[in-house]
Amino acid sequence: MTETQTKTSSPEFRAAAGAIDGLRNDLLRDVLAYRPLPPMNPDGRLIRRLPEGMRKTVVWAPHALVLFAAFLVMMAGFAEWEYRLLMGLVPAIPVAMTLVRPVAAFWASMAATVFCGVLGSEGLWGPSAFMAQVVVLVVVAARTRPRTAAWMWLLTLLFGMLLEGGDPMITAPVAILSAFALLVVAVVQIRRDAEREVTVQRTVTAVERDRRTLLEERTTIARELHDVVAHHMSVVAIQAEAAPYRVENPPPELEQAFVTIRENAVAALTELRRVLGVVRAEDYEAPDAPQPTLAVLDGLLDNVRETGLETEKAVTGAVRELPQGVELSAYRIVQEALSNSLRHAPGSSARVELSYVLGGLGLRVVNGPPKGLVKPSPGAGHGITGMRERVAMLNGEMTAGATADGGYEVAVFLPVPPVEQPEARGPGGGEDARGDAGAAAVERDGRA
């Protein structure tokens with residue numbers, strides 16, 4: 001039937017055509033396909049609780065169970081007085097076949113039922129044929145899907161009624177027992193598929209949540225660093241404007257070069273402001289104060305002490321002024337680490353260590369285990385992600401983990417390349433001082 005005819009036919013006809021296609025795909029196509037039963041997952045909920053030596057054996061439990069069922073079928077065939085070997089062996093073969101060729105095993109079981117009905121003395125459903133058919137239906141249904149189980153049950157019923165002259169009572173015991181067993185198998189399959197789907201959805205949701213968290217942290221870092229970059233660009237523009245006045249009778253080419261530098265700096269400020277507008281959140285409010293540095297770290301520690309977290313600071317090395325981006329990132333890392341201590345270790349104490357070394361800045365924030373009756377409060381899980389992003393931006397290194405006494409430690413190293421000392425300024429060196437003073441004016445020009 002063509003696709004156009006299917007669309008124009010009645011719903012009942014389309015339903016019947018779909019059912020026939022399902023039967024063809026499930027039980028008539030690739031009948032002899034080789035589909036070996038895989039071993040159980042050694043990391044399953046039950047198997048992983050067993051000793052390591054038993055796991056390698058337990059994973060083959062389904063195969064052993066099917067072969068044991070085939071042995072029982074063969075023993076049931078020996079109850080026949082005549083042809084007892086054939087009456088036991090022929091029905092047992094389809095049961096064993098379910099391990100490698102499940103669809104072929106179903107049709108072989110139907111053929112074995114006819115064979116036992118002809119040779120046996122108890123009719124179509126003798127003991128061995130009865131057991132073999134039920135076991136095959138259950139195993140094949142467990143290895144396929146509920147729709148295939150429904151087709152096999154229906155074909156078994158029609159097959160029994162046809163060979164018994166249309167009397168359903170003879171096939172009724174097989175039909176009732178197999179229907180109950182197939183219903184249990186279908187329920188287990190549906191529940192297993194639902195759990196698998198929920199697991200996949202949770203995994204996708206967790207990945208999307210982590211990705212969104214990462215983007216939010218990067219956006220926050222970009223907004224904070226905007227002020228630092230804008231200040232430096234403003235200083236470049238001011239110094240480029242003032243540089244020609246520091247040289248007596250500068251050549252026109254030099255004046256034009258400084259004019260070009262200032263124009264590019266102002267243009268860069270304008271584009272930087274536009275980029276900030278792109279990454280700005282809807283509820284974002286521009287800060288009223290400059291971005292914090294390590295110079296105001298004592299104020300942060302005082303605020304933390306007021307909340308109940310005993311905090312101390314230790315500084316080693318020669319304290320010096322670091323690049324503003326490093327100072328800002330170091331301050332935010334300490335702030336986030338102390339916030340995590342407040343949430344996860346209430347009532348404990350924290351220690352903040354700053355190490356000024358030749359190659360950069362070392363940070364270490366460590367807190368003890370929670371104390372008192374206040375229970376830890378779960379956070380959003382963004383803290384460690386934000387700290388790692390700031391450290392990665394500066395090509396630094398970071399470790400975070402629990403300590404031996406039940407506390408938590410965050411250790412960070414932020415590399416700072418050595419800065420060459422500028423040459424001694426001439427009499428016109430006062431222009432550099434005016435450069436910082438006029439940076440805000442140039443930044444306002446960039447906004448225009």
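Predicted model: local features only at pLDDT ≥ 70, side-chain atom pairs only at ≥ 80, totals over all residues.

Reader: Is α11 roughly parallel or antiparallel to α12?

Author: Look at the two axes, which come within 11 Å of each other. They cross at roughly 10°. An angle under 35 degrees counts as roughly parallel. Therefore α11 and α12 are roughly parallel.

Reader: What about α12 and α13: are they roughly parallel or antiparallel?

Author: Here the axes come within 10 Å and cross at roughly 160°. Angles over 145 degrees count as roughly antiparallel. So α12 and α13 are roughly antiparallel.

Reader: Is the crossing of α12 and α13 left-handed or right-handed?

Author: To find the place, look for residues of α12 such as S329, I333 and N340, which are among those that meet α13. On the α13 side, the residues include G383, M387 and V391. As α12 passes α13 there, the crossing is left-handed.

Reader: How many residues in the contact of α12 with α13 are charged?

Author: This contact divides into three classes, with 6 nonpolar residues. The polar residues number 3, and the charged ones number 3.

Reader: Which element gives the most residues to the largest nonpolar core?

Author: That core has 29 residues, and L297, V334, L338, L363 and V412 touch the most other members. The elements that give two or more residues to it are α11, α12, β2, β3, α13 and β5. With 7 residues, the element that gives the most is α12.

Reader: Which residues is V334 in contact with, leaving aside its neighbours within four places in sequence?

Author: Leaving aside neighbours within four places in sequence, its contacts are L297, L300, V352, L363 and V365.

Reader: Is L137 buried or exposed?

Author: L137 sits in helix α7, which covers residues 127–143. Beyond four places in sequence, L137 is in contact with F106, M152, T156, S178 and L182. Buried means under 20% relative accessible area. L137 has 0% relative accessibility, so L137 is buried.

Reader: How far apart in space are L137 and P102, C-alpha to C-alpha?

Author: In sequence, L137 and P102 are 35 residues apart. In space, going from C-alpha to C-alpha, the distance is 9.5 Å.

Reader: And N395: is that residue buried or exposed?

Author: N395 lies in the loop between α13 and β4. Although N395 is not a glycine, it has a positive phi of about 60°. Exposed means over 50% relative accessible area. N395 has 65%, so N395 is exposed.

Reader: To finish, what percentage of residues in the protein chain is buried?

Author: The protein chain has 15 helices and 5 strands. Out of its 448 residues, the buried share is 34%.

Notes: Residues numbered from 1 in each chain as written. Heavy atoms only, no water. Core = buried A, V, L, I, M, F, W, Y, C linked by side-chain atoms within 4.5 Å. Buried < 20%, exposed > 50% of the residue type's maximum accessible area, 1.4 Å probe, protein only. Helix = DSSP H or I, 4+ residues; strand = E, 2+ residues; numbered from the N terminus. Contact = heavy atoms within 4.5 Å. Axes fitted to C-alpha atoms, helices over the stretch in contact; angles between N-to-C directions. Parallel < 35°, antiparallel > 145°, perpendicular 65-115°, else oblique. Left-handed = near helix turned anticlockwise from the far one by under 90°. Nonpolar A, V, L, I, M, F, W, Y, C, P; charged D, E, K, R; others polar.
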